[in-house]
Amino acid sequence: SQVKNKAPAEVQITAEQLLREAKERELELLPPPPQQKITDVEELNDYKLRKRKTFEDNIRKNRTVISNWIKYAQWEESLKEIQRARSIYERALDVDYRNVTLWLKYAEMEMKNRQVNHARNIWDRAITTLPRVNQFWYKYTYMEEMLGNVAGSRQVFERWMEWQPEEQAWHSYINFELRYKEVDRARTIYERYILFTLLVIVHPDVKNWIKYARFEEKHSYFAHARKVYERAVEFFGEEHMDEHLYVAFAKFEENQKEFERVRVIYKYALDRIPKQEAQNLFKNYTIFEKKFGDRRGIEDIIVSKRRFQYEEEVKANPHNYDAWFDYLRLVESDTDAETVREVYERAIANVPPIQEKRHWKRYIYLWINYALYEELEAKASKRTRQVYQACIELIPHKKFTFAKIWLLYAQFEIRQKNLPLARRALGTSIGKCPKNKLFKGYIELELQLREFDRCRKLYEKFLEFAPENCTSWIKFAELETILGDIDRARAIYELAIGQPRLDMPEVLWKSYIDFEIEQEEYEKTRNLYRRLLQRTQHVKVWISFAQFELSAGREESLSRCRQIYEEANKAMRNCEEKEERVMLLESWRNFEEEFGTDTTKERIDKLMPEKIKKRRKLQAEDGSDAGWEEYYDYIFPEDTANQPNLKLLAMAKLWKKQQQESEAAEMDPDKDIDESQS
């Protein structure tokens, strides 16, 4: 027959589903086991025979499955067939004597049925066969103790200790003795345990020593407890120090009110244990000092904790100079000079890896603070000089220098009354790396010493090095003025204004003019103003010139001042900066209001410009339109080119006034009627 429809079925069935359904139906087909009720001995014997045959068949199939043996033995035990159950356990032990569960079940069966000697025999065999299984020892000792056989339980513990078991076994033995108030025996066990620790190194752990010491403390044997702690400290030494041992030792001494001993223990441990491993020690020491210490003790522990924090910071980043500064401030406030020097030496050893001044700015202050500490705190002038000299040798002067360090060194030598060394240091600095600050410091030093010839030489060197420095020229001239050498001062000013490049020429010219005014050389002052106006037509120069003429105090001063204003106004007609011209006219108007006549006042009023608002187009950076902005412009009457604009502006104002009057008339017609009636 052929299959007509070869299309797949709508519901597909997998192989897994077929197997699962077959298994489910198989279970459904099995009939439930019949319920048997045994009514006589023959039926019981028959049931036992069938059951034993089943167990034996299972064991014969796989002898290594210990669960079959245990089920078989437990079934026999349930029938009170103890001898048969014992025989089954023995057969099972022949198969696998290393099975812990088998020994436990066997011994539990004997104990359950009160077969004490049989149970002892089984436990003896178990601990002999498998001495490293702690469960057998625990069960055996517990059984003997429950039976009241304290001596037997102690004997079992002794046999166990010969195998050098784990820590808990020793503590179980100790707790057993303590339950029967055998303190001396417990101490002996502790001693044996510690002896094993020393000789065999089975349990070299701090907590075992601490437990021993607390055992002695608990039973009020304080001298013994202290001796245990001391032995522990000696045993672990400085190589294997543990903070927990010292914390426990310190707390013991604290309980005994031995506060000095506690403080010694904490300090001894803190000095030797690595800081990162002593956090708990720090914490307990702080609590102790807060409870029993004075203010000094509390400060000591806080300082120690902060020192640890700073040590960690500088260890993580040796070039973190801010951390070094904080650390040094701490040690300077609380430790001896040698410790401070050691920290300073460690700090200055971290030289910046790059020879750029910005990387050295913080570093150089370590040297400065070091030198100041040696001078002011340690009072060691020789070491201070060595610090300054070492710092100067370290700085790469060809690339950059620090004027501060040179000046501080020179000032130190002055304080030591060693003037030649100070001059030599400053001279070396100027020769190696000349700087404005070095010249100024050296000159100031010589001025204080009243060495004016040296000051002149230094100013000459300074001006050769920096001829554009106007301040130096002014100071040099002022020095000569103070010394009364006016001609030298004037010559210096002349040299100064003749320099091609100056950083602040306006300050220099003003100083020169003030100098001539002070000397009452008015003609020379006028010549200076004229020379200055040849270089610049700045409005402030004209105003200053006019005010000078006014302050000259002579009869023709007003006419000279007015003449200066006239010249300035003519000179500034072509000036693009109209605000400056307005400033000049306002100054002129103020002058006329105070000293002028009505005619001159009227004339200056006619010269004042008109202020108008204008608009101009703005452009962005890319050339596009950026809108319009309003600004104010000035129209001066004197400018002939602006005359039409002024006439137009006057006509616009007149027209606006007429418009306002006509609007006012339209708004108030009643007023016109009243006027006509009247």
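Which residues lie nearest the centre of the largest pocket? In this predicted model, they are P505, E506, W509, L532 and V541, which belong to a lining of 19 residues. The volume of this pocket is about 460 Å³. Rolling a probe the size of a water molecule over the atoms shows where empty space is left.

Three helices each supply at least two residues of the lining: helix 28 (505-518), helix 29 (522-535) and helix 30 (539-551). Of the contributors, helix 28 gives the most, with seven residues.

Apart from its neighbours within four places in sequence, L528 is in contact with W509, Y512, I513 and E516. One of these, W509, has already been named among the residues nearest the pocket centre. Between the C-alpha atoms of L528 and F545, which stand 17 residues apart along the chain, the separation is 9.8 Å.

Attention may now turn to helix 22, which covers residues 403-415. Its 13 residues reach 18 Å from the first C-alpha to the last, close to the 18 Å expected at 1.5 Å a residue. The buried residues in helix 22 are A403, I405, W406, L407, L408, Y409, A410, F412 and E413. What covers them includes helix 20 (363-377), helix 21 (381-394), helix 23 (419-432) and helix 24 (436-448). Just after helix 22, K417 takes a positive phi of about 60°.

Positive phi values are also found at two other lysines. K257 is in the loop between helix 13 (243-255) and helix 14 (259-272), and has a positive phi of about 65° although it is not a glycine. K379 is placed in the loop between helix 20 and helix 21, where its phi is near 55°. Are these residues buried or exposed? K257 has a relative accessible area of 59%, so it is exposed, the limit being over 50%. K379, at 65%, is exposed as well.

A final point concerns confidence. The mean pLDDT of the protein chain is 81, and 90% of its residues reach 70 or more. Over residues 671-678, however, the pLDDT is below 50, and this stretch has one contact in the model beyond near neighbours in sequence.

Conventions:
Residues numbered from 1 in each chain as written. Predicted model: local features only at pLDDT ≥ 70, side-chain atom pairs only at ≥ 80, totals over all residues. Heavy atoms only, no water. Helix = DSSP H or I, 4+ residues; strand = E, 2+ residues; numbered from the N terminus. Expected span 1.5 Å × (residues − 1). Buried < 20%, exposed > 50% of the residue type's maximum accessible area, 1.4 Å probe, protein only. Contact = heavy atoms within 4.5 Å. 1 Å grid on protein atoms, 1.4 Å probe; cavity = no way out; pocket = protein on both sides within 12 Å on 5 of 7 lines; lining within 4 Å. Points joined across faces, edges and corners; volume = space filled by probe spheres on them. pLDDT = per-residue confidence, 0-100.
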